[in-house]
Amino acid sequence: MTSPVDPAQVRALRAFNRFYTQRTGLLDPYLGSAFSLTEVRVLYELAHHAPCTASELGRRLVLDAGYLSRIVRRFTSAGWITRTPLPNDARQHALSLTAEGRTAFEPLQQRSRDEAAHLLAPLAPDQRQALMAALARAQGLLDPGSAPASRTAVLRDVRPGDMGWVVQQHGEIYAREYGWNSEFEALVAEIAAGMIRRHDPAWERGWIAELDGERVGSVFVVRKSETEAQLRLLILSPAARGLGLGGRLTDECLAFARAKGYRKMVLWTNSILSAARAIYARRGFTLVHSEAHHGYGKDLVGETWELTL
């Protein structure tokens, strides 16, 4: 059952459509050529998915049969399309592009590639990645069956603005999943602010996990002493769980600490955080101290874990 659509959302979508068609040259004629967008789409499908019948082509492009028939006849008369009767049904024909058809189509395809590259060129690499993720997200929402089966996960360095996101995620996730109050978000904000002010890049590092261009996790290594490092602010959004990213983030911390010559890594957590505790235990961390406390509106058990590197 569909829900009523906000007229403001309709206007926003139409405004984006107008912007996009103008910026990408989708209005007739297509990219300054003698062809319409629909005609170029017919050539594209035949260049990449031929041979196919006119009915298959019409279903793929969602085109009126009469309109498609006129395009096919014109391209056939121009010598761009061949029509071969099907062995099992002479009433239908397999359509394919001829060499002349490919010669006519290829400049259009290259022009489209050039226009796409021109649109992306002014964007920084992370902006392009964000745009690709947004486009994939939009396609997945409008057509769930077209969503890609694989997802792209990367770990990157921390950039300005990331720490605010880290604080926000801790506040939202722990309130929603564990009922913790704003005291916890305040604590994370204080920790984050201190890490920014006292950051020593020679001995400390942080990572942000991205999934399809969206931030989904974080972790940090901070220096406690010349020989001891601390793992802090490991967080993973619910949408990114089950992909091994929590383990990858932790492994990056351990690799960094070992490379810097730290002899021990410590961390503090709470006993109810079973997923994080499992990650630590699998990597050899041991629980060395636990203590009941009341914090963030709940009765909790705080834990200190250590690993000899």
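This is a predicted model: local features need pLDDT of at least 70, side-chain atom pairs count only at pLDDT 80 or more; totals for chains, interfaces and linings use all residues.

Trainee: What about overall shape?
Mentor: The C-alpha trace spans about 85 × 45 × 45 Å along its principal axes. The radius of gyration is 28 Å, while a compact globule of 309 residues would have one near 19 Å. That radius is taken over C-alpha atoms, and the globule rule is 2.2 Å times the number of residues to the power 0.38.

Trainee: What percentage of the residues count as buried?
Mentor: Of the 309 residues, 35%. Buried means under 20% relative accessible area, exposed means over 50%, and partly exposed is in between (1.4 Å probe, protein chains only).

Trainee: And what share of the contacts link residues 24 or more positions apart?
Mentor: They make up 59% of the contacts with a separation of 6 or more. A contact means heavy atoms within 4.5 Å.

Trainee: Let's pick a helix. Where does α7 run, and how many residues does it have?
Mentor: Helix α7 covers residues 162-178, so 17 residues in total. From first C-alpha to last it reaches 23 Å, close to the 24 Å expected at 1.5 Å a residue. The expected span is 1.5 Å times one less than the number of residues.

Trainee: Which residues of α7 are buried?
Mentor: Among them are Met163, Trp165, Val166, Val167, Ile173 and Tyr174. Asp162 and His170 are also on the buried list.

Trainee: What do they pack against?
Mentor: The buried residues of α7 pack against β4 (153-157), α8 (182-197), β5 (205-211), β6 (214-223) and β7 (228-236). Just after α7, Gly179 takes a positive phi of about 75 degrees.

Trainee: Which residues other than glycine have a positive phi?
Mentor: Val62, near 55 degrees, and Tyr296, near 60 degrees, are examples. Most residues other than glycine have a negative phi.

Trainee: Where do they sit, and is each one buried or exposed?
Mentor: Val62 lies in the loop between α3 (54-61) and α4 (65-77). Val62 is exposed, because its relative accessible area is 72%. Tyr296 lies in the loop between β9 (286-295) and β10 (298-308). Tyr296 is buried, because its value is 9%.

Trainee: New topic. What does Thr269 touch?
Mentor: Not counting residues up to four places away in sequence, Thr269 touches Arg277, Tyr280, Val301, Gly302, Glu303 and Trp305. Thr269 is found in strand β8 (residues 264-270). At 5% relative accessible area, Thr269 is buried.

Trainee: Why does Arg102 count as partly exposed?
Mentor: Because its relative accessibility is 42%. Arg102 sits in helix α5 (residues 99-120). Beyond four places in sequence, Arg102 touches Leu46, Ala47 and Leu97.

Trainee: Now a loop. Where is Lys224?
Mentor: Lys224 lies between β6 and β7. Lys224 and Val266 are 42 residues apart in sequence, with their C-alpha atoms 9.1 Å apart. Lys224 touches Val266, and also Ala229 and Gln230, leaving out residues up to four places away.

Trainee: Last one. How far apart in space are Thr76 and Pro160?
Mentor: They are 57 Å apart, C-alpha to C-alpha, and 84 residues apart in sequence. Thr76 lies in helix α4. Past its neighbours within four places, Thr76 is in contact with Ile81 and Arg83.

Technical notes. Residues are numbered from 1 along each chain as its sequence is written. Side-chain values use heavy atoms; hydrogens and water are left out. Helices (H or I, at least four residues) and strands (E, at least two) are DSSP runs, numbered from the N terminus.
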